[in-house]
Amino acid sequence: MQALVEKITQCNTLKDLEAVRIEIFGKKGVLAQEFAKMKSVPNEEKKAFAQELNRQKSQLTSLFDEKLEVLSKEAKEQTMREEAVDVTLYSPLKVSGALHPVNETMNRMIDYFVSMNFTIEDGPFIEDDFHNFEALNLPVYHPARDMQDTFFLNDGHLLRTHTSPVQIRTMLSQKPPIRMIAPGSVFRRDFDLTHTPMFHQIEGLVVEEGDGVSFSHLKFILEDFLRTMFGDVAVRFRPSFFPFTEPSTEVDISCIFCEGTGCRVCSHTGWLEILGAGMVDSNVFKAVGYENVSGYAFGLGIERIAMLLHQIPDLRSMFEGDLRLLEQFR
Ligand code: DAH
């Protein structure tokens, strides 16, 4: 009996204890063998023999259970120690990304116009002469075509030089009333401090039947848009020229850096030129077969606004993918 007790108490692992369990409590174990001896015990001693054996069995059982509990607990604690994850450990590889300043600025603009009930329209990057020029009142001989340094493809197609062709596509596929914006990439043969061969514009077009759309509607939406983007700025409408609008205007805001007193960013004029706009030219309506309608249009470059908002001095840095710039927008 003492030997069995020691066997149990000296176990250090669950594996050892399991071996001891089989040895003592198993089908062919020590206890089973002892109980088997009952057969040869004289009848009058059977009761005492059985009582003693059961007493020993229950003593061994409770000793075994105790040991099992202790060793199980130890094993569990060891596993926890070995598999522990230090949730406070600093992991420098898990950095979050950020929207590119152009996307972020574009999203803000889209949010504004969507809140004003404009729909978002899309068009192809590869355009034809009709949609990019002709229908926008820029016939082949028109000198204003020179304003847009075009990438021509071999088959007579071209990369769209502005988002204005989406105006044409939308008017050809829908009927008034139209109230749309078209954000997206545009392409021009130009590369210096303020020009990249690919950049982004947002186009706007509102058309209704009859003569209800007036310059004051255009003025309201642009002033409201610019104050949403830039805060409390002054907005100035200058007469200008675009072939697809008549009258045309260029819109400036008071310089957000010097508040109009004059600085390097605004070339000491106190004003920043932001966008072009106007009332849709009747020749554009003619090109898409619209009659008896009125409308306004506007277009602006997204990079220029992102650069002003984030004080980025060189346009080209927007497209170099330099993490030192991009990480600042996290
Ligand atoms: N398409 C012009 C450009 O790329 C921008 C523009 C000016 C668009 C006036 C318009 C507009 O819709 O009315 O320079």
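**Close-up 1. Met318 sits in the loop that links α10 (302-310) to α11 (323-326).** This is a predicted model. Although Met318 is found in a loop, Met318 counts as buried, at 2% relative accessibility. That label applies because buried means under 20% relative accessible area, and Met318 comes in at 2%. Look past the neighbours within four places in sequence and Met318 is in contact with His100, Pro101 and Val102, as well as with Glu303, Ala306, Met307 and Ile312. For a sense of scale, take Leu226: Met318 and Leu226 are 92 residues apart in sequence, and their C-alpha atoms are 22 Å apart in space.

**Close-up 2. Thr105 is a buried residue of helix α5 (residues 101-115).** Its relative accessible area is 0%. The side chain of Thr105 reaches back to Pro101, with the backbone oxygen of Pro101 at 2.7 Å. Pro101 also turned up in the previous view, among the contacts of Met318. Setting aside neighbours within four places in sequence, Thr105 is in contact with Met229, Ile302, Ile305, Ala306, Leu309 and His310. Ala306 is another residue to look for in both views: Thr105 is in contact with Ala306, and Met318 is in contact with Ala306 too.

**Close-up 3. The ligand sits in the largest pocket.** Here 15 residues surround the ligand, and the closest are His162, Ser164, Arg188, Gln201 and Glu203. Three strands, β5 (198-209), β8 (271-280) and β9 (293-301), each supply at least two residues of the shell around the ligand.

**Close-up 4. Ser164, Gln167 and Arg188 bring polar side-chain atoms up to the ligand.** Ser164 has a polar side-chain atom 3.0 Å from a nitrogen atom of the ligand. For Gln167, an N or O atom in the side chain is 3.1 Å from an oxygen atom of the ligand. Arg188 places a polar side-chain atom 2.8 Å from a ligand oxygen atom. As for cover, the ligand taken alone exposes 350 Å², and the protein buries 91% of that.

**Close-up 5. Lys15 is an exposed residue in helix α2 (residues 14-25).** Lys15 has a relative accessible area of 73%, so it counts as exposed, the cut-off being over 50%. Compare that with Thr105, which is buried at 0%. Val70 gives a reference point here: Lys15 and Val70 are 55 residues apart in sequence and 13 Å apart in space, C-alpha to C-alpha.

Methods
Residues are numbered from 1 along each chain as its sequence is written. This is a predicted model: local features need pLDDT of at least 70, side-chain atom pairs count only at pLDDT 80 or more; totals for chains, interfaces and linings use all residues. Side-chain values use heavy atoms; hydrogens and water are left out. Helices (H or I, at least four residues) and strands (E, at least two) are DSSP runs, numbered from the N terminus. Buried means under 20% relative accessible area, exposed over 50%, partly exposed in between (1.4 Å probe, protein chains only). A polar contact is a pair of N or O atoms within 3.5 Å; within protein, one must be able to donate a hydrogen and the other to accept it, and residues adjacent in sequence count only if both atoms are side-chain atoms. Contact means heavy atoms within 4.5 Å. A residue is near a molecule or strand if one of its heavy atoms lies within 4 Å of it. Accessible areas come from the Shrake-Rupley method with a 1.4 Å probe; for residues, only the protein chains shown count as cover. On a 1 Å grid over the protein atoms alone, a cavity is a set of points where a 1.4 Å probe fits but cannot get out, and a pocket is an open set with protein on both sides within 12 Å along at least five of seven lines; lining residues have an atom within 4 Å of a point. A molecule sits in a cavity or pocket if more than half of its atoms lie within 2 Å of its grid points.
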